[in-house]
Amino acid sequence: MVAHLAQKTPTAVADFLVHRRKAESDRVETLCEQLRRAVGVMVDINARYLDRLLLKLPQVVHHVTRREELNVQQLEQKLFREIGYSLTHQHNKLSLVEQQLSLQTHRLREQKYSELQRLSDKIGYLIPIKLSEEKQRLAHLEAIHSLLSPQSTLKRGYSIVRTRGKSLSSAYNVQQGESLDIILYQGRLEAMVTKTTLPENSES
């Protein structure tokens, strides 16, 4: 059974509830209609806003693109300036190194030239001395050779005695009656052994 404190009979309560339900339904319908209108207004507002943004978008894109292009150009110019400064700095360093190398090369060449000049002067000084020493040594050797040569010995009165094609240096190597070939400083003699005399300390 349906009951309500403000209503006296069930029928009145039922009518009250039906009336109340219809009122709530109308109220909800009204709220929905208001919501639909509000949503439609918001959609229209946002659509117009989006249309304005779409109209401004090319300008914005152009502006941003132009700004970025300017930034890129500025960066390129800065980079070129830095590269130019770096190349100039490196060129100056290379020029300085070349000057130092040229100076060192010139000094080294002058030093080597001075050393060669001193060496040449020393050689020019030593060559005549060495030649004189060699001439003296050669003259001394020639004198010794002259003294020790067979012709010099023969000239001093000595002679060379040969028998059977060999030089004779001992009486042990010859017999009586043997033919001797005697070579003098001037001329030769042929002789025959008639007697041999052996050294006193030899065995008889």
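Select Val61 to begin: with a relative accessibility of 43%, this residue counts as partly exposed. The model on screen is predicted. Val61 sits in helix H1, which covers residues 10–148.

Together with Val61 they make up a nonpolar surface patch, with about 410 Å² of accessible area in total.

Now turn to the charged side chains.

Select Arg37 and Glu33. Their side chains form a salt bridge, at 3.4 Å from N to O. The two residues are four apart in helix H1, so about one helical turn separates them. Arg37 counts as exposed because its relative accessibility is 58%, whereas Glu33, at 29%, is partly exposed.

Select Arg36 and Glu29. Here too the side chains meet in a salt bridge, with an N to O distance of 3.7 Å. Arg36 has 48% relative accessibility and is therefore partly exposed. Glu29 is also partly exposed, with a relative accessible area of 48%.

Keep both pairs displayed. Glu29, Glu33, Arg36 and Arg37 are linked in a network of salt bridges.

For the last stop, select Asp181 and Arg188. A salt bridge joins their side chains, at 2.4 Å from N to O. Is Arg188 buried or exposed? Arg188 is exposed, because its relative accessible area is 55%, and the cut-off for exposed is over 50%.

Technical notes:
Residues are numbered from 1 along each chain as its sequence is written. This is a predicted model: local features need pLDDT of at least 70, side-chain atom pairs count only at pLDDT 80 or more; totals for chains, interfaces and linings use all residues. Side-chain values use heavy atoms; hydrogens and water are left out. Patches are made of residues with over 30% relative accessible area and no salt bridge: like charges are joined within 9 Å, nonpolar side chains (Val, Leu, Ile, Met, Phe, Trp, Tyr) within 5 Å. Accessible areas come from the Shrake-Rupley method with a 1.4 Å probe; for residues, only the protein chains shown count as cover. A salt bridge is a side-chain nitrogen of Lys or Arg within 4 Å of a carboxyl oxygen of Asp or Glu. Buried means under 20% relative accessible area, exposed over 50%, partly exposed in between (1.4 Å probe, protein chains only).
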